[in-house]
Amino acid sequence: MLYSILIYGTDADIANLSKAEEEHLIGQHMVVQGKLAAERKLGPVVRLHPSTTAMTLRKGPEAYIIDGPFAETKEQLLGFYVVDCATQEEALEAARAIGGACTSRALEVRPISWFQLTDSIDHTKATVRVEPKPA
């Protein structure tokens with residue numbers, strides 16, 4: 001089963017790292033990624049740019065775009081891993097390893113599914129099908 005491991009922290013936590021501290025953390029992530037890859041559990045890994053670079057599309061009678069993150073919060077989504085684990089406990093074990101490689105105080109583990117539009121799309125009635133992760 002696929003799980004997302006969402007990494008939360010503050011933009012300031014990352015911005016305040018020295019170059020040596022950031023390189024050390026990246027090295028720790030590389031070790032965790034190497035272990036997960038060797039176990040054939042590693043999917044995409046994403047590091048998001050600071051929330052100040054975000055833009056939000058708000059929907060209503062007319063859609064509009066605003067600069068900045070979706071909501072004012074103390075913590076922001078800093079990045080995420082996708083892991084393929086047999087059980088939720090395995091996913092939590094991966095999250096513990098990832099948590100040890102970063103300064104984040106919160107990691108959220110959530111099951112996810114792959115999806116894509118079907119090959120023959122009737123643009124007036126787009127359908128979505130859930131597919132297993134490609135081998």
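## A salt bridge from Glu89 to Arg96

Glu89 is partly exposed, and its relative accessible area is 45%. This comes from a predicted model. The side chain of Glu89 meets that of Arg96 in a salt bridge, with 3.2 Å from N to O. Arg96 counts as exposed, at 55% relative accessibility.

## Other salt bridges

How many salt bridges does a search of the whole structure find? The search finds 9. One of them joins the side chains of Lys35 and Glu39, at 3.2 Å from N to O. Both partners are partly exposed. Lys35 has a relative accessible area of 44%. For Glu39 the value is 36%.

Arg110 and Glu108 form another salt bridge through their side chains, with an N to O distance of 2.3 Å. Arg110 is partly exposed, at 44% relative accessible area. Glu108 is partly exposed too, at 25%. Elsewhere, shared partners link salt bridges into one network, made up of Lys35, Glu39, Lys41 and Glu90.

## The length of helix 2

Helix 2 covers residues 19–38, which is 20 residues.

After helix 2 comes Arg40. Arg40 has a positive phi, near 60 degrees.

Which residues of helix 2 are buried? They are Leu25, His29, Val32, Gln33 and Leu36. Seen down the helix axis, the buried residues fall within an arc of 100 degrees, so they line one face of helix 2.

That buried set packs against several other elements. Three are strands: strand 1 (2–9), strand 2 (42–47) and strand 5 (76–84). Helix 3 (88–99) is also a packing partner.

The other side of helix 2 holds exposed residues. These are Lys19, Ala20, His24, Met30, Val31 and Ala38. Helix 2 thus has a face lined by buried residues and another side with exposed ones.

Terms used. Residues are numbered from 1 along each chain as its sequence is written. This is a predicted model: local features need pLDDT of at least 70, side-chain atom pairs count only at pLDDT 80 or more; totals for chains, interfaces and linings use all residues. Side-chain values use heavy atoms; hydrogens and water are left out. A salt bridge is a side-chain nitrogen of Lys or Arg within 4 Å of a carboxyl oxygen of Asp or Glu. Buried means under 20% relative accessible area, exposed over 50%, partly exposed in between (1.4 Å probe, protein chains only). Helices (H or I, at least four residues) and strands (E, at least two) are DSSP runs, numbered from the N terminus. The expected span of a helix is 1.5 Å times one less than its number of residues. The arc is that of the directions from the helix axis to the C-beta atoms. Contact means heavy atoms within 4.5 Å.
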